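Subject: Structure handover

Hello,

Here is the structure I promised to pass on. Please have a look at it first, then read my notes below.

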Amino acid sequence: EKSNPSILKEIGKRIQRERLRQDITQACLAESSGVSLIVVQRIEKGMSISLQNLLGILRALNMLEGLEQLFPEPISPILLKKLSGKTRKRASKTIYK
């Protein structure tokens, strides 16, 4: 299992990679996400930042949809039953040959 510091470093690398892929400077990302330049630099170095700042950065990079995979919406038991359909308990006909 990875330690918290190693997970933070990985998150920072992924944010930096996506920022560079989109050809955005750290300063522009900071401005568009509503955080300071120091906050962007901290997360890219794998240092801790607040959850609110992380959400702002992810939103500015259009990466919020990734959170849906991390925290999926639970399926209600009623909907789950409807989706699964009826389970057969016995065959409907016997075929004799």
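Leu-29, Ser-32 and Ser-33 in α2 meet Gly-56, Ile-57 and Ala-60 in α4. Contact here means heavy atoms within 4.5 Å. By class, this contact of α2 with α4 has three nonpolar, three polar and no charged residues. The classes work like this: Ala, Val, Leu, Ile, Met, Phe, Trp, Tyr, Cys and Pro count as nonpolar, Asp, Glu, Lys and Arg as charged, and the others, Gly among them, as polar.

Before going further, a word on the source. This is a predicted model, in which local features need pLDDT of at least 70 and side-chain atom pairs count only at pLDDT 80 or more, while totals for chains, interfaces and linings use all residues. Residues are numbered from 1 along each chain as its sequence is written, and side-chain values use heavy atoms, with hydrogens and water left out.

Overall picture

The protein has six helices and zero strands. From the N terminus on, its elements run α-α-α-α-α-α. Helices (H or I, at least four residues) and strands (E, at least two) are DSSP runs, numbered from the N terminus. Of the 97 residues, 20% count as buried. Buried means under 20% relative accessible area, exposed over 50%, and partly exposed in between (1.4 Å probe, protein chains only). Take the contacts between residues at least 6 apart in sequence: 50% of them join residues at least 24 apart.

How α2 and α4 cross

Back to the pair I began with. Helix α2 covers residues 26-33 and helix α4 covers residues 51-60. They pack at an angle of about 110°, with their axes 8 Å apart. Axes are lines fitted to C-alpha atoms, for helices over the stretch in contact, and angles run from 0 to 180 degrees between N-to-C directions. The two helices are therefore roughly perpendicular to each other. The cut-offs: under 35 degrees is roughly parallel, over 145 roughly antiparallel, 65 to 115 roughly perpendicular, and the rest oblique.

The two sides of α2

Leu-29, Ala-30 and Ser-33 are buried in α2. They cover an arc of only 100° around the axis, which puts them on the same side of α2. The arc is that of the directions from the helix axis to the C-beta atoms. The buried residues of α2 pack against α1, α3 (37-44) and α4. The face turned away from this buried side carries the exposed residues Glu-31 and Ser-32. After α2 comes Gly-34, whose phi is positive, near 75°.

Salt bridges

How many salt bridges are there? The count comes to three. The rule is a side-chain nitrogen of Lys or Arg within 4 Å of a carboxyl oxygen of Asp or Glu.

- Glu-10 and Arg-14: the closest N and O atoms are 2.9 Å apart. The two residues are four apart in helix α1, so about one helical turn separates them. Glu-10 is partly exposed, at 22% relative accessible area. Arg-14 is also partly exposed, at 48%.
- Arg-21 and Glu-18: the side chains meet at 2.7 Å, N to O. Both lie in helix α1, three residues apart, about one turn of the helix. Arg-21 is exposed at 59% relative accessibility, whereas Glu-18 is buried at 16%.
- Glu-44 and Arg-19: the closest N and O atoms are 2.5 Å apart. This pair links distant parts of the chain, with Glu-44 in helix α3 and Arg-19 in helix α1, 25 residues apart. Glu-44 counts as buried at 9% relative accessibility. Arg-19 counts as buried at 6%.

Positive phi in the loops

Most residues other than glycine have a negative phi. Asp-23 counts as exposed, at 71% relative accessibility. Asn-62 has a positive phi too, near 55°. Asn-62 lies in the loop between α4 and α5 (65-70). At 55% relative accessibility, Asn-62 counts as exposed.

Best wishes
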